[in-house]
Structures are given as C-alpha cells and as structure tokens.
Amino acid sequence: MSDPRFFSVVGPFTLSELAAKGEAELVANADGAVLVYDVAPLDQATERHISFLDNRKYMDAFSVSKARAALVLPELAHLAPDGMTVLLSKDPYRSYALIAQMFYPRVAPEPWVAPTACIDPSAKIAADVRIEPGVVIRANAEIGARCLIGANAVIGQGVSLGEDCIIGPNSSIAYAIIGKRVNIYPGVRIGQDGFGFAMGPKGYVKVPQLGRVVIGNDVEVGANSTIDRGAGPDTVIGDGTMIDNLVQIGHNVRMGRGCVMVSQSGISGSTHLGDYVVIAGQAGLTGHLKIGTGAKIGAQAGVMRDVEPGETVGGSPAVAMKDWLRHTAILQRMIKDKGRGDK
Amino acid sequence: MSDPRFFSVVGPFTLSELAAKGEAELVANADGAVLVYDVAPLDQATERHISFLDNRKYMDAFSVSKARAALVLPELAHLAPDGMTVLLSKDPYRSYALIAQMFYPRVAPEPWVAPTACIDPSAKIAADVRIEPGVVIRANAEIGARCLIGANAVIGQGVSLGEDCIIGPNSSIAYAIIGKRVNIYPGVRIGQDGFGFAMGPKGYVKVPQLGRVVIGNDVEVGANSTIDRGAGPDTVIGDGTMIDNLVQIGHNVRMGRGCVMVSQSGISGSTHLGDYVVIAGQAGLTGHLKIGTGAKIGAQAGVMRDVEPGETVGGSPAVAMKDWLRHTAILQRMIKDKGRGDK
Amino acid sequence: MSDPRFFSVVGPFTLSELAAKGEAELVANADGAVLVYDVAPLDQATERHISFLDNRKYMDAFSVSKARAALVLPELAHLAPDGMTVLLSKDPYRSYALIAQMFYPRVAPEPWVAPTACIDPSAKIAADVRIEPGVVIRANAEIGARCLIGANAVIGQGVSLGEDCIIGPNSSIAYAIIGKRVNIYPGVRIGQDGFGFAMGPKGYVKVPQLGRVVIGNDVEVGANSTIDRGAGPDTVIGDGTMIDNLVQIGHNVRMGRGCVMVSQSGISGSTHLGDYVVIAGQAGLTGHLKIGTGAKIGAQAGVMRDVEPGETVGGSPAVAMKDWLRHTAILQRMIKDKGRGDK
C-alpha cells in the first residue's frame, strides 16, 4: 500500500506466519494459508492487506474496512465486517508494528564513503559504514560498524558512535559518546555548550562547559532536537529512550532507560529522571528536579517541583493530575454560573 | 529605504500607479504624477517614500511621519500630517504588500548547478534550476523548472518538487511530494519517521512509517520546522498554507487550504484540520482531533477536543474563547478580593 | 576532571592564584601555595580539584566532597568537610566561571580555509580565519579576523561578521550585520523572511521583508534558534544578550543589552525589550509590546500586554507574579476544599 517511489515491500506472508510474528491469534475457523501482500490503513486496505484497530475512534472505519485481515482486541472482534479475518491481539498496535517490520525489514546501509566527505586521518572508521557526501568527521572520532552518516552531517573531534547508528543529514554531534543502534534524526544538535554563565559587573561571564553527552543503546533523537553537553557532570540519556522533534535537553540532565519525550518538550539543566518517565508535548521542567521512575508529565505541564515515582502531574505549575482535573472542573462550573448570572 | 547591501529596489512609480497596484484610492486633490522611490516604515520615511498605517498603536508615528504618501483606512485619514498624500484602502497592510512587491519584485534564480553538488544520475532536473554548492539530490528525485535548491540542502530519493520552489540552505526533505511555488525555509526537516512505537517486554517496538508528506501549491514552511511523514496514511498540507518557524507537524496530520500556524505551535499525529484554520504561537493540539474550517486556536492554547468550524478557543485545556476570557476575569477578581483581605 | 578526548586542561595553579583570579578570599589559615590541577563537580572532585557550591540543594554533596578546595558563600563555609580549603566568594558560581576559564582558556581557531569551502571572490575575508569544509560564503560578505566558520555553514550575500565570531556547523545566516565575539551555535537560522502576509481574495499576499538582522557584540544564539529579519525596520539584538536553544525571535523585534532568553521561548513581531530583560523557558510574548528594562518573564508565561521596567510577570495570560502566585494558591485551596467535600 506504500508508494513504491519510496518503499520496497517484501512478502507475501500467510496469515499463520503473520499471526506468529505478530504474537496474535487467528480465530478458530480462519484459513491460515491465505496470503497477505502488505499492510494498509483501515480505509485504504483491500483484499491484499492486513490492517489494525487500536483506537476506538476508528471503530466505524474498522466495521466497513475492506481489509483481508485485521489485528484487533478480542472484545472488539465482533465489529469486523464480513470477509475480514481477525487476528486477536492484546496489543494490536504492537502486533501491527511487528508485522509491518516483517513487510518492511530494516536494510543495512550500502557501504560507501563519498569522495566529498572530509574525514580526518586519525578518525577510526569501522567496516561497512556508509558516509554520505559533505560529511565532516574530525580528529580521533570513532564510527562503529554499519553506521550510516547522512549527507552534510558534522561529527566532532573524539566523538564515538557504536555499531549500527544512523546519523541524519545536516545534524551536528560534538563531545559525545553514543551507544549502538542509536538513531539521530536530521538537524539534531548534540554536544554544544550548555546555557551557563554568571553575572558580572561588565556583563555575563561564560562558564566553561566541561562535560559530555553520553547516550545509551537504542535511543532515538527526533528532528531538530537539541541536547547540550554537561557543565562538569555529563548529560546522560539512558538506553531505549525515545525523543521526538524539537525537544530541548539542558546540561547535566540525566534520563534513565525507556523515557519518552514528546515534541517541543524541554528539560532544564541538572534535572534527573528515573526510568520510563513520559513527558508529553510542550511540557517543561525547571532545573535541579528529581522525577521518579514511571512518572508521567501531562502536555504543556510546567513542572517546578520533584515528582514521585509513578506520579502523574498536569497544569502549570504542575500539580497531581487529579488536582488539575478538579481545578479545570471547578473553573468550568464557575464560568457556567457566571454565564447564568449574566443573563 | 532598504540596505543596498542586501536589496535592489526598482522604480520609481507615480502615486497613480501605486494606487492602482495597491487597490487603493488617491484622495481627491492629490497629484497622481508625484514620483515615489521606495517603501519605508513611518518613522524612517522621507519625501521619497510611501508608508502605511495598519495598527492603531502607531497612530502617533503616523501623525508625525515625513512620508510623501501613506496607505491608511479612510476613517484614520484625518490624522495625516501636512505634506503627506493619503491613499485610502480598506486593508492598508494588503495594499502595502502589493506595492512593496512592485518595488521589490521576486527575481527568478540565476540558473546554475554548482560543481560540488552531488546529484544522482537518475534524478530528473528540469530547466533553469539553480542548485547551490553542497546540495545532495538522491535517486529518482524530480526537481521542477526554476527551482532554487539552497546550499547544503539534502533532497531524498524519489522526492518530487513542482516548479518555482525555493528550498532553503541546510534543509532536508525525504519521502515527499511537493507542489509549485512552495517555499521551504532554511533548516526545515520534512519526511522523517513519525514518532510511532509500541511498548514491548524488551523495550519499544518501532512502527515502520510507510506514508509520505504531500504538500500543495503556494505553501511556506518556516525555518527549522519539522513535518513527519505519515505512518500509513500521508501527512498532508493544503494549498496556500503558511507555517512559521519551529513548528511541529506530526504523522498523518491533514491540513486544509490556507491554514496558518504561528511559531512554536505543534500538531500531534492524525489530527485533521479544515481550511483556513489559524493556530497562534506556542499552541498545541493533541492527536486524532478534528478542527473545523475557519477555527481559531489562541496562543499557548492546549487543544484536547474537537473544535467546531468557525469556533475560537483558548486556554489549556482549551475551551471556547468566551469562556476562557471569563475564567481569566473571574480569577483576576478573586485575586483582587484576596488582596483586599490581606490588608 | 574533564575527558581528555575532548578537553585540554592547563595549569596547575596555586590556591592563591585561583583566589585572585576568582575574586575570592582564602580563609585565614590556608596554605596559598597548594597546587590545584583542575575543576570538578563536588561529587567527582578529589585532592587535585577545586569545586564550588552555589545552590543550597547541593549542601549535602558539599559536606562530603573530597575536593581539595571549594568556592562557597561565607555563611555556608562552616559546612566544609575536613581537608577542604574554602575560598569565600559573594558569588561562587561567578568565581568558579573565572577559575574554570583559567584552566580551560579559549583557544583561537587554527587558521585554515578548507579546499571544499565555496567562497565568492568578492567576499572580504580577514586574516587568521578558519573556514571549515563545505562552508558557503556568498558575494560581498565580510568575515572579521579570527572568525571560525563551522562546517557546512552558509553565509549569505552581504553578511558582515565582526572579529572573533564563532559560527556553528550547519547554520545559515543572511541579511545580517553581526558584531564582535558573537557565538552562533549549530543549526541557527538568522535573517530569513519574517512571517508577514496579508489576506487577499485569492489567498495570502506575501509582504516583502526588507529589513535586516543587526546583532551587537558578545551575543550568543543557541542551537537551532531562529531570528527573522525585519519587515522594514531591522530586527535588533543588543550587546551581551544570551539566547538559548530553540528560541524564536520574530521580525522587527528589538532587544536591549544583556537580555536573556531561555530555551523554547519566543517573541512575536515588533515587540521591543529594554536592557537586561529575562525571559524564562517556553514563555511567549505577543507582538507590538513594550517590555521595560529589567523585566522578568516567568517560565511558560504568555505575555499579551506591556510590562513595566523591573516588573516580574507569570501565568498565561501573564499578570504580576504576585497575582499569579495568589491565583495558584487560591486554586489549590479550592481543590482541597472540593476534595474534602467529595468524601
């Protein structure tokens, strides 16, 4: 269903193969030998496709979809139209992800070093890397096996990349130690000076920023996001952390494993996060805070105090989400009362 | 009035010519043959210039301006100082835009392909394009006539650009089909993976992003903004839509014609906008919403529900603007009452 | 204490030298001849290092630090552990900055013009500049002595840079006059069109943007920030102003000296700031406002009215900080009362 201009699909696969890969269960009377050729959204799918339902907002689209098969929660399976074979899954989105990866497997970059790349002779470049045109790699940098360095990216002196990293076009990385399978999107800025200066009688006095950025394995950093290096301590991003576009991470920030930061959120200097913290879009955290493992920060929240493990907060200044919902409800009631008074 | 280091002015033009082009009306006793040599702001203009008044905050500057002529609403014309000829316009800002375009016409780029550009032999490059140094154009891309591809921009495999597009320096475009007369500013990122992953027992499972970015005609995308490609459906930007700097548009977003997004605003995945929706600065929309034609979203609003056509909303979470203004007024009153109580 | 992969430290220095440079006072019985080899954070410092305490959140770390010496406020000196020599300072952070600059002095860039840089013959390049690979410098640009132009940066026609500027990799600068010792971080966009258009019957009419960006001396602009050029007037950034990452500055904005803008904040068109205005993270200012000298704008504030000199505002819409704190307290009390009512 994807545009062949941009994507190459493999397959076909049988429903049995897909169910196994997708950790889903074929309904009892289904023919596991049926071939499926691609994934597709519910409203675009045909008898060649498998689709999925993971959000109840799309139940109507599901019930009229022409998809040959679909991944669905057991309790919604009865909504399937005639002609659709359902694959039952406790997490249809995850099952879909696994199946879509089967049709669109990750392809290792074709090894190449562009003649217009400018690589310092002291840099250590492992086997099977792809270095595109205009790339600059400075002294003593280390590039792991099978890395892809996108066009016009700039890798600073001493930077180390583990195996299988993807560095997007036009990004810049400096003062950083980066793990394996890290995906840096286009336009990302990593390792520049943190925002540190002291007031003086003749203007600001710049504080030398002497730390690094240390990024674990399996991290993604979205387009045009910025991660400053530490002032003395390092800035640290834990394994498996997912960072969206236009996110700001200040100096000395420390994030655990599996954290998620949605677009346009930001963390000020020296704030520490546990594991699996989720920060929704446009939320901001001030500096020097401690955010516990599993905490959730609501969209546009402004966090100015520590957050307990597992706590969910919202609002600006952020309070317990329960209190923020009350606050919102109280104001709505006051507005309605006022509205009546106006008549 | 502009700095000749950067700009070349044409002209002069007579007041009659300017009035005609600017869809404005010369006052009765004015001499339409008077020559004007340039546009200028009210406080910098001299007897060689035409200026304009479009914001009542600047009435004082208008009443002492030395401009030879000025575009103004009929009801404010009486504020004009002696020596200024007024051109009456129902929309002085629009009239000014038309006249400024007359003095500073858009110039087609001088055709050139820089020797350091790296263009795949399979790319189709139309006539009269300008491709600047360091540009990378990948396999099967199509560049329309008279396009300008700015220095160090990266155009991905299969990307299609219509005629007369301007692609800013250091931008990156992938998985995109782009119309005519589109202006992509420096540092824009288009077509990277949307932020899609499912939770798994061993970390996040990435969802392959199999859609495209489809951009209509006459669209502008501001500096360092990011537009992710669709997950399955496309991300779609309608004709004539204007996007400011540092804006985020998530996967599967669909925007109609003539929408406006002001700086640092963002739209989460799968939200659909009608035509002429205006989103003010730093506002955010969560995912899977429907925003009707002509809706207006206030600055810093946090929209978590559908918005009706023509509705104006504000606040976070966003409510009808009328309610948000009441909310604000109520709080101000409570604060004042509390203030009195403190004494 | 810094990673030698990335940093080179000079020294050692005696405690007397450090006290003099740091404008601090050695305690009475201290041995000023003791040698110190580096700076380090409190928790990483050893008998070779000097550290500092500037935030009471870190008093515990201070009281068990193994640092040979530390900068501290006189009133906290009694918390120092045995073996630590204290240097008393009224502003330990500033003293630390001065001392860290002593160990890590700024090094002038090694002069070089990369052969892959593309420099128009009409550009004026002063002595001792460093121009890295992939840089593009257009006609009539002027680059001051000892400037460093980072890899793949693009300097537009007529742009002027004073002496000792640093231009980060992958940044783009156009229509700009820039002072001395200005530090532009990677990915910054300066001088593109402001967001100006008028409504017309057939879509938006673009307003030619005929001003410049004028930046004073000793300014920093953080990674991926964007500064639009003026529409007619210039966009002006005063001497010594510090701008963090992902900040937006609209056309015609005028900032005085020594202003500070924290990450992800933004200023809409034609707003004027006095000197030493501080704008905290994610705050936004609408257009055509006047913000007085010394004003402070709280994090995430939404400023829609003028702000008096010295005034501090918070909230969205922003009010006097005192009122915003009351507002927050009132809501908290209402939530608690409601909570009790629920039981």
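**Figure 1. A:S51 stands opposite A:A70 in β6(A).** Welcome to the first close-up of this predicted model, in which local features need pLDDT of at least 70, side-chain atom pairs count only at pLDDT 80 or more, and totals for chains, interfaces and linings use all residues. Residues are numbered from 1 along each chain as its sequence is written, while chains are lettered from A and ligands numbered from 1 in the order in which they are written. Strand β5 (residues 49-52) of chain A runs parallel to β6(A), and three bridges link the pair. Here strands (E, at least two residues) and helices (H or I, at least four) are DSSP runs, numbered from the N terminus, and two strands pair if DSSP finds at least two bridges between them. On its pairing with strand β7 (residues 85-88) of chain A, β6(A) is again parallel, over four bridges. There, A:V72 stands opposite A:L88 in β7(A).

**Figure 2. Both faces of strand β6 (residues 69-72) of chain A are buried.** Follow the side chains along the strand: A:A69 and A:L71 point one way, and A:A70 and A:V72 point the other way. A residue is buried if 20 or more other C-beta atoms lie within 10 Å of its own, exposed if 12 or fewer, and partly exposed in between, with C-beta atoms placed from the backbone.

**Figure 3. A hairpin joins β22(C) to β23(C).** Two residues make the link between these strands. Strand β22 (residues 197-200) and strand β23 (residues 203-206) of chain C are antiparallel and share four bridges. Look for C:G200, whose bridge partner in β23(C) is C:G203.

**Figure 4. Helix α3(C) is mostly covered.** This helix has 12 residues and reaches 16 Å from its first C-alpha to its last, close to the 16 Å expected at 1.5 Å a residue; the expected span is 1.5 Å times one less than the number of residues. Nine of its 12 residues are buried, among them C:R94, C:Y96, C:L98 and C:F103. The buried residues of α3(C) pack against α1 (15-21), β4 (38-39), β5 (49-52) and β6 (69-72) of chain C, and also against β22 (197-200) and β23 (203-206) of chain A.

**Figure 5. Chain C meets chain A.** The contact takes 52 residues from chain C and 48 residues from chain A, where two residues are in contact if their C-beta atoms, placed from the backbone, lie within 7 Å. On the side of chain C that touches chain A, α3 (92-103) and α4 (321-342) of chain C are the elements that give two or more residues. With seven residues, α3(C) gives the most to that side. By class, the side has 23 nonpolar, 20 polar and nine charged residues; Ala, Val, Leu, Ile, Met, Phe, Trp, Tyr, Cys and Pro count as nonpolar, Asp, Glu, Lys and Arg as charged, and the others, Gly among them, as polar.

**Figure 6. A rotation of 120° superposes chain C on chain A.** The shift along the axis is 0.0 Å and the RMSD is 0.0 Å, with copies superposed by least squares on the C-alpha atoms of residues with pLDDT of at least 70 in both. That is the relation of a three-fold axis. Only 15% of the interface residues of chain C are also interface residues in chain A, so the copies meet through different surfaces.
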